[in-house]
Amino acid sequence: QVQLAESGGGLVQPGGSLTLSCKASGSIFAIQTMAWYRQGPGEQRELVARVTRGGSRNYADSVKGRFSISADIAQATVYLQMKNLKPEDTAVYYCHVHHLLDSNEYHDWGQGTQVTVSS
């Protein structure tokens with residue numbers, strides 16, 4: 001069993017900042033990637049940012065230059081620093097971890113944390 005505990009969501013005004021945190025625990029060993037996804041009202045879940053165990057990062061075009069992902073893979077912790085937030089960033093943000101065990105691949109998700117950008 002793997003548990004992902006997210007924190008840091010909330011209500012923020014346009015132009016504001018928030019930092020999300022996610023800590024994975026339980027039966028988790030060889031982490032390959034940690035990532036943040038989001039799902040806005042009436043929309044499909046989309047990738048926001050991903051970091052690999054080697055340190056490579058990729059971002060959705062809509063957040064490049066505003067969001068920054070970082071991780072401590074050894075501690076199974078990932079962060080998402082969000083700046084210059086816009087109303088269209090409003091969504092539930094989900095932490096995701098891709099890991100391996102005995103050649104089997106596993107994908108685990110957090111429960112989600114709400115981010116609302118509104119004046």
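Author: Happy to! Let's begin with Y79, which is found in strand β8; strands here are DSSP runs of E with at least two residues, helices are runs of H or I with at least four, and both are numbered from the N terminus. Before we go on, this is a predicted model, where local features need pLDDT of at least 70, side-chain atom pairs count only at pLDDT 80 or more, and totals for chains, interfaces and linings use all residues. Residues are numbered from 1 along each chain as its sequence is written, and side-chain values use heavy atoms, with hydrogens and water left out.

Reader: Thanks! Which residues is Y79 in contact with?

Author: Leaving aside neighbours within four places in sequence, Y79 is in contact with L20, S21, W36, S68, I69 and S70. Contact means heavy atoms within 4.5 Å.

Reader: And why does Y79 count as partly exposed?

Author: Because its relative accessibility is 35%. Buried means under 20% relative accessible area, exposed means over 50%, and partly exposed is in between, using a 1.4 Å probe and protein chains only.

Reader: How far is Y79 from H107 in space?

Author: They are 18 Å apart, C-alpha to C-alpha, and 28 residues apart in sequence.

Reader: New topic! How many salt bridges does a search of the whole structure find?

Author: Four. A salt bridge is a side-chain nitrogen of Lys or Arg within 4 Å of a carboxyl oxygen of Asp or Glu. One of them joins R38 and E46, with the closest N and O atoms 2.8 Å apart.

Reader: Is R38 buried or exposed? What about E46?

Author: R38 is buried because its relative accessible area is 6%. E46 has 32% relative accessibility, so it counts as partly exposed.

Reader: What else does R38 form a salt bridge with?

Author: D89, and there the closest N and O atoms are 3.0 Å apart. That pair links distant parts of the chain: R38 is in strand β4 (residues 30-39), while D89 is in the loop between β8 and β9, 51 residues apart. Both R38 and D89 are buried.

Reader: Which residues are linked in a network of salt bridges?

Author: R38, E46, R66 and D89. There is also a salt bridge between K64 and D61, with the closest N and O atoms 3.1 Å apart. D61 is exposed, with a relative accessible area of 64%.

Reader: Okay, switching to strands. How do β9 and β10 run?

Author: They run antiparallel, joined by six bridges. For two strands to pair, DSSP must find at least two bridges between them. In this pairing, H96 stands opposite W109 in β10.

Reader: What does D102 do in that hairpin?

Author: D102 takes a positive phi near 50°, and the hairpin has two residues between the strands. S103, in the loop between β9 and β10 (104-109), also has a positive phi, about 70°, although it is not a glycine. S103 counts as exposed because its relative accessibility is 74%.

Reader: Last one: what does the side chain of H99 make a polar contact with?

Author: The side chain of D108, at 2.6 Å. A polar contact is a pair of N or O atoms within 3.5 Å; within protein, one must be able to donate a hydrogen and the other to accept it, and residues adjacent in sequence count only if both atoms are side-chain atoms. H99 lies in strand β9 and counts as buried because its relative accessibility is 3%.
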